[in-house]
Amino acid sequence: MELTDAADPRVDVYSRLSDAALRRRQDTLHGIYLAESSQVVRRALAAGHRPRSFFLAQRYLDSMADVFAAHPGIPVYTGTDAVLETITGFHLHRGALAAMDRPAPRAPAEVLAGARRVAVLENVSDHTNLGAIFRSAAGLSVDAILVSPECADPLYRRSIRVSMGTVFGVPWARVGEADGRGRAAWPGVLHGLKSEGFTVAALELSDTAIDLDSPALREHDRLALVLGAEGPGVTSETLDACDLQVKIPMASGVDSLNVAAASAVAFWELRPRA
Ligand SMILES: C[S@@+](CC[C@H](N)C(=O)[O-])C[C@H]1O[C@@H](n2cnc3c(N)ncnc32)[C@H](O)[C@@H]1O
């Protein structure tokens, strides 16, 4: 279907894509997420997620014809670059977008079942870092990811794209949200990890942190690695809830690594060896 009016209500879900805070509210409200780029759309479909509609510039129609044929009845919206750009707020140069049904949130117990290495992300608010951490986790033997209440949305389109679609494969769950009475459960949920046999280690540069290559670290069968936000790092309440702190020693007067870079180094060093 060709769009001629940027205010066409059928494509409301594709509007103002650059506003991350608005998208988080809107996507959750509508029970959707947006897959961006032809490759990511294909990966989302391969993961078994259901499309509600496709949205793309005319020049990409042919390259996605097999996808549309496999999903008869799902609307395909197209239009000139100018109309599409007015709707989305940016130039569409990565091929298709698709509005996908947001999968039901997974229970922490489900994602932790059988896991030996878990990443716990506290307040990581940058979608690029979040996506990069998922990609490293997928490629470096991390079995599951838990995200704190204030952590950004792994299913925001930029996180998905930077993760190369690995957010569809790595089991993840949001943990520690306040209960019905507004009582915060973060970071108390970390104690639950300990009772499941995990050693909970905060990755943080501190005086009490041990080096990442300390042999004792490799002896833990189940290990949860807590990573903090750019700027503040892991909060003091969360550090108190952890069993230990681990650092990647820095050289040349450099303060710290970017959180996604730190995650990749730690995931590799602490991978299960047996
Ligand atoms: C940019 S750092 C925050 C640094 C914090 N402002 C500080 O000065 O300690 C963001 C997160 O990346 C991880 N990180 C970065 N560099 C690290 C290192 N050298 N050792 C351990 N963790 C590191 C930690 O989880 C940290 O919370």
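**A seven-strand sheet around β10**

V118 stands opposite A144 in β6, one of the strands that DSSP assigns as E runs of at least two residues, numbered from the N terminus, just as helices are H or I runs of at least four. Helix α10, residues 259–269, packs on the sheet and touches β5, β8 and β10, contact meaning heavy atoms within 4.5 Å. The direction of α10 makes about 165° with that of β10; axes here are lines fitted to C-alpha atoms, for helices over the stretch in contact, with angles from 0 to 180 degrees between N-to-C directions.

The model is a predicted one, in which local features need pLDDT of at least 70 and side-chain atom pairs count only at pLDDT 80 or more, while totals for chains, interfaces and linings use all residues. Residues are numbered from 1 along each chain as its sequence is written, and side-chain values use heavy atoms, leaving out hydrogens and water.

As for pairing (at least two DSSP bridges between two strands), β5 (residues 117–121) runs parallel to β10 over 5 bridges, with V118 opposite A224. Another 4 bridges join β5 to β6, residues 144–147, again in parallel. Strand β8 (residues 199–203) also pairs with β10 in the parallel sense, over 4 bridges, and here T199 sits opposite L223.

Put together, the open sheet has 7 strands in the order β7-β6-β5-β10-β8-β11-β9, with parallel pairing. Strands β7 (172–174) and β9 (210–211) stand at the edges with a single partner strand each, so one side of each has no neighbour in the sheet.

Strand β10 (residues 223–227) is mostly covered, with 5 of its 5 residues buried, that is, under 20% relative accessible area with a 1.4 Å probe, protein chains only (exposed is over 50%, partly exposed in between). L223, L225 and L227 point one way from β10, and A224 and V226 point the other.
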